[in-house]
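Take a look at the model below.

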Amino acid sequence: IEFRKQLDDKTNEEVVLDLIANHERAKNGEITGLELPYKSLHTKILLEPVDLMVIGARPAMGKTAFAVCTACELAKQGKKVVFFALEMSKEQMMRRIIANFAQVDSNAIKYGRCNSLELQRINIVSGSEYLNNIEIYEGSHMVMDIANKVSLSQAKGDVDLIIIDYLQKIIPKKTNSRYQEVTDISNGVKLLAQNFNIPVIAMAQLSRESAKTGSRPKLPDLKESGEIEQDASVVAFLHRPEYYGQYTMENGNSSQNMCEFIIAKNREGFDG
């Protein structure tokens with residue numbers, strides 16, 4: 001299947017009229033894009049249909065946990081999410097999603113340690129409409145495979161968000177360098193958002209080399225990962241100071257069980 005092409009048939013005047021109409025809708029409180037389901041990010045990040053948002057993190061920082069939480073919270077709002085689990089099986093991912101909805105430890109499900117009340121909550125979730133708002137695809141994929149799956153999901157109804165966990169696990173076209181492979185993947189995922197007119201949130205693994213200092217991740221940490229920064233409308237990082245033996249945040253608060261969400265690039269929004 002080929003990427004669908006959008007017709008560029010609007011005049012400049014029509015585009016301006018659309019902008020004014022969207023302004024009025026926003027002025028009246030109508031959201032004209034997709035807000036992430038976190039109050040602290042409202043007014044900071046608003047994903048439009050062509051946007052690619054990259055969430056970068058070093059190993060063990062919680063990329064998948066963030067992806068699952070985002071998908072679940074949006075599903076509760078009635079949004080349709082297509083989730084590509086490129087590193088985990090569908091069963092593993094569903095266990096984490098069920099655990100999130102039911103507010104149960106996923107390891108308790110895995111090891112058979114749920115009590116009767118927790119099992120009752122899991123049974124309620126299994127029949128919930130929320131669960132049907134998340135479609136999971138597992139296994140290795142090339143960008144074109146992802147496009148095919150999105151097309152199938154879109155044929156069943158509107159899709160509000162595509163989540164990819166994680167970007168470097170997409171099968172690349174063979175080139176002479178890993179840098180070029182990741183660049184091609186990143187370009188392809190950006191085209192995915194543009195051609196399907198659906199925003200994409202892609203997790204990205206930062207190199208272990210960047211973790212040696214334990215410092216907060218920065219945009220240069222993506223430099224070895226192809227042209228991800230250039231393709232993304234928004235780049236954010238997850239960082240757990242406690243993991244590196246740093247027990248206070250930059251603002252002086254305790255870092256215990258805390259994960260920082262660092263907005264490093266926000267093409268049409270506010271950094272913070």
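Tyrosine 166 sits in the loop between β6 (161–165) and α7. The model is predicted. Is tyrosine 166 buried or exposed? Its relative accessibility is 9%, so tyrosine 166 counts as buried; the cut-off for buried is under 20%. Leaving out residues up to four places away in sequence, tyrosine 166 touches Leu86, Glu87, Met203, Ala204 and Gln205. Isoleucine 201 is 35 residues from tyrosine 166 along the chain, and their C-alpha atoms are separated by 9.5 Å.

Next comes a helix pair. Helices α6 and α7 pack at an angle of about 20°, with their axes 10 Å apart. They are therefore roughly parallel to each other. The crossing of α6 past α7 is right-handed. By class, their contact has 8 nonpolar, 3 polar and no charged residues. The table lists the residues that meet.

| Helix | Range | Residues in the contact |
|---|---|---|
| α6 | residues 143–156 | Val143, Ile146, Ala147, Val150, Ser151, Gln154 |
| α7 | residues 178–196 | Ile185, Gly188, Val189, Leu192, Phe196 |

An α-helix has 3.6 residues a turn, so residues three or four places apart point the same way.

Now turn to α2. Helix α2 covers residues 63–76, which is 14 residues. From first C-alpha to last, α2 reaches 20 Å, close to the 20 Å expected at 1.5 Å a residue. How many residues of α2 are buried? The count is 10 of the 14, so α2 is largely enclosed by the rest of the structure. Among the buried ones are Phe66, Val68, Cys72 and Leu74. Glycine 78 follows α2, and its phi is positive, near 90°.

Definitions and conventions: Residues numbered from 1 in each chain as written. Predicted model: local features only at pLDDT ≥ 70, side-chain atom pairs only at ≥ 80, totals over all residues. Heavy atoms only, no water. Helix = DSSP H or I, 4+ residues; strand = E, 2+ residues; numbered from the N terminus. Expected span 1.5 Å × (residues − 1). Buried < 20%, exposed > 50% of the residue type's maximum accessible area, 1.4 Å probe, protein only. Axes fitted to C-alpha atoms, helices over the stretch in contact; angles between N-to-C directions. Parallel < 35°, antiparallel > 145°, perpendicular 65-115°, else oblique. Left-handed = near helix turned anticlockwise from the far one by under 90°. Contact = heavy atoms within 4.5 Å. Nonpolar A, V, L, I, M, F, W, Y, C, P; charged D, E, K, R; others polar.
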